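Trainee: Could we take a close look at one part of this model together? I would like to go through it slowly.

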Amino acid sequence: MAAQYRITILPGDGIGPEIMAVAVDVLKAIGKKCAIEFTFTEALIGGAAIDATGEPLPEKTLQECRQSDAVLLAAIGGYKWDSLPPQQRPEAGLLGLRAGLELFANLRPAKILPQLIDASSLKKEVVEGVDIMVVRELTGGIYFGKPRGIFSDESGVRRGVNTMVYSEAEIDRIGRVAFETARKRRGKLCSVDKANVLDVSQLWRDRMTKLSIEYPDVELSHLYVDNAAMQLLRAPKQFDTIVTGNLFGDILSDAAAMLTGSIGMLPSASLGASGPGLYEPVHGSAPDIAGQDKANPLAQVLSAAMMLRYSLNQPAAADLIEASVSQVLQSGFRTGDIMATGMTQLGCRGMGDALLQAIAAM
Ligand code: NAD
């Protein structure tokens, strides 16, 4: 009997609908190959939701997402909504969705595909074979800690304040996701903190070290964040899985991603303790190329592969999608953003067709 999954799809704005259409076609094709039946329900988020309902995250969308096995999001935002107040902007829809699904773990892979090695700004011998997963805590730390704000003293001098705070429970739950992730990969976990200066980091390091006793098959190491940033650029191959807090993870996941040199290729996953995970490309809605059939759909397609791997427990289907992406690149097909001399340039739809052909031939 076919495995059955209910997927909420959120095409969003800009290039979102174009890249989502490709990802859905790919999932349907993979479903046929791997005996998986998907029920797709489309819902509104971001600017598209503002235009239709006045809100960036309608309650109906959140309910639909909560009832599904996983959520596949494209991207939100665009010039049209930039002048709205922050709470009514498309971005508020995304933050609301992350909060509403209680997604505290963000997984960002940075993998160098041999076909795109020249897109990296680093030397080939430095980045060849890089395959890193950054696990970032997403709902705590300095972005949410209190007190926060800009305060004036009696003489009118202002102080800006944010608070970096993590409880043991918050550290443990992100730690467990990271150890489990490392276990599914090459069994190496590097915890990044600033324990030489920050008390919150000392607790972080202490908890990670204690947790490691439960995961004897995972080799744990620790780095200070400044050294981690240097090592990512100097010798990125030493890393397998990295776990870190919200602020350090925000910065390091972008740095790691850029080792690959191509924003149109980067997927991500956000996971909670239970309930559906959220899968989306790292890039935005690219309003500058929206509706022109120029978008690279591969980050969206690779996000669908992550969904199969991390939420639906269908690693063979995920492998097939990743293999089809490698195959089209190997055949010399490129979208404009990753175009190189001697390659064949395709539009978003054309790249989708090439993927379907590659899957059909597998
Ligand atoms: P962006 O990622 O949308 O675009 C940056 C540059 O990369 C642009 O030149 C764009 O054309 C290009 N690009 C991005 N994705 C591409 C793809 N798949 N194929 C080919 N080229 C691609 O970032 P931005 O321009 O800073 O933001 C545009 C809008 O997206 C803003 O409204 C922003 O708020 C929003 N945004 C949304 C998300 C999200 O939905 N998670 C993330 C970042 C930005």
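Where is the place of Ala-286? Please start there and carry on to whatever surrounds it.

Mentor: Gladly! This is a predicted model, so local features need pLDDT of at least 70, side-chain atom pairs count only at pLDDT 80 or more, and totals for chains, interfaces and linings use all residues. Residues are numbered from 1 along each chain as its sequence is written, and side-chain values use heavy atoms, with hydrogens and water left out.

Ala-286 sits in the loop between strand 12 (277–281) and helix 10; helices (H or I, at least four residues) and strands (E, at least two) are DSSP runs, numbered from the N terminus. Its phi is positive, about 40 degrees, although Ala-286 is not a glycine. Most residues other than glycine have a negative phi.

Ala-286 also belongs to the ligand's surroundings: 19 residues surround the ligand, and the closest are Glu-91, Gly-284, Ala-286, Asp-288 and Asn-296, where near means that a heavy atom of the residue lies within 4 Å. By class, this shell holds 9 nonpolar, 6 polar and 4 charged residues (Ala, Val, Leu, Ile, Met, Phe, Trp, Tyr, Cys and Pro count as nonpolar, Asp, Glu, Lys and Arg as charged, and the others, Gly among them, as polar).

Now for individual atoms. A polar backbone atom of Ala-286 is 2.8 Å from an oxygen atom of the ligand, and a polar backbone atom of Ile-76 is 3.0 Å from a ligand oxygen. A nitrogen atom of the ligand, in turn, is 2.8 Å from a polar backbone atom of Asn-296. The ligand taken alone exposes 800 Å², of which the protein buries 68%; accessible areas come from the Shrake-Rupley method with a 1.4 Å probe.

Key: Polar contact = N/O pair within 3.5 Å; in protein donor to acceptor, adjacent residues only side chain to side chain.
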